[in-house]
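I opened this notebook to keep track of what I looked up, entry by entry. The entries below follow the order in which I went through the model.

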Amino acid sequence: MDGTYVNSFDTAASANENAIGITTNNTFIWVTDIIDSKVYKYQMDGTYVNSFDTGASGNSDPRGLSTEGYFLWVTDNTADEVYKYQMDGTYTGIHFDTAASGNGDPWGITKNDTFFWIVDMTNDEVYYITDAIKQIVRNAEKWEKDYTYSLQTNEFTNIHQREDNNFIRQWFQI
């Protein structure tokens with residue numbers, strides 16, 4: 001790829017008149033529309049396939065979107081959230097807050113297996129956020145061997161934790 005213009009397609013013909021975000025999985029292209037709160041799906045040649053409404057999941061201001069090939073992740077600029085959808089547009093019920101990390105104006109997004117990178121349009125920053133839930137699921141069986149759960153306190157305790165903290169106090173003795 002050398003940047004040579006090849007072709008274009010008209011998103012307005014499919015009612016996507018305010019296209020802003022774009023991603024692909026090398027089979028389809030998805031494009032967000034900031035006015036009608038939808039994600040439009042196209043074949044690689046630009047042929048319209050279908051669309052889904054992000055507003056029904058609470059995402060009323062979709063901007064950027066990304067895929068790692070399994071899910072679509074769509075930023076919501078008004079709620080400062082990222083929403084997770086199946087590739088067919090079905091909302092998974094999962095979303096996370098970007099404002100907690102300082103990103104109060106999320107637009108562009110990209111993802112790999114470990115991190116999200118999300119552009120904040122107000123403070124000109126790129127935030128990278130760990131995909132912690134995926135890590136927990138991937139490592140839960142291994143990690144659960146190191147912890148016990150208490151029904152009385154609703155807490156997990158590391159089984160390797162020492163009961164007395166004298167060894168820590170020794171660090172601060174002069």
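I began with Tyr83, which I found to be buried because its relative accessibility is 5%, under the 20% that sets the limit for buried residues. I kept in mind throughout that this is a predicted model.

Next I looked up the ring partner of Tyr83: Tyr83 and Tyr91 form a tilted aromatic pair, with 5.8 Å from centre to centre and 50 degrees between the planes. Tyr91, for its part, is partly exposed, at a relative accessible area of 27%.

I then turned to a further tilted pair, that of Phe96 and Phe116, where I noted 5.1 Å centre to centre and 50 degrees between the planes. Since Phe96 belongs to strand 8 and Phe116 to strand 10 (residues 115-120), this pair ties together parts that are 20 residues apart in sequence. Phe116 counts as buried, with a relative accessibility of 2%.

Which charged residues did I find over the faces of Phe28 and Trp107? Over the face of Phe28 lies Lys41, at 4.1 Å from the ring centre, while Arg63 lies over the face of Trp107, at 4.2 Å from the ring centre.

Four strands make up an open sheet in the order 5-6-7-8, with antiparallel pairing. At its edges I found strand 5 (62-67) and strand 8 (91-97), each of which pairs on one side only. Neighbouring strands of this sheet are turned against each other by 25 degrees on average, if direction is ignored. Within the sheet I followed the antiparallel pairing of strand 7 with strand 8, which runs over four bridges, and I noted that Glu81 stands opposite Asp97 in strand 8.

Last, I looked up backbone angles in two loops. Asp80, which is found in the loop between strand 6 (71-76) and strand 7 (81-86), has a phi near 55 degrees, a positive value in a residue other than glycine. At 15% relative accessibility, Asp80 counts as buried.

Ser37 sits in the loop between strand 2 (28-33) and strand 3 (38-43), and I noted for Ser37 a positive phi near 55 degrees, again in a residue other than glycine.

Definitions and conventions: Residues are numbered from 1 along each chain as its sequence is written. This is a predicted model: local features need pLDDT of at least 70, side-chain atom pairs count only at pLDDT 80 or more; totals for chains, interfaces and linings use all residues. Side-chain values use heavy atoms; hydrogens and water are left out. Buried means under 20% relative accessible area, exposed over 50%, partly exposed in between (1.4 Å probe, protein chains only). Two strands pair if DSSP finds at least two bridges between them. Axes are lines fitted to C-alpha atoms, for helices over the stretch in contact, and angles run from 0 to 180 degrees between N-to-C directions. Rings of Phe, Tyr and Trp (its six-membered ring) pair if their centres lie within 6.5 Å; planes under 30 degrees apart count as stacked, over 60 as edge-to-face and the rest as tilted. A charge sits over a ring if NZ of Lys or CZ of Arg is within 6 Å of the ring centre and within 35 degrees of the ring normal.
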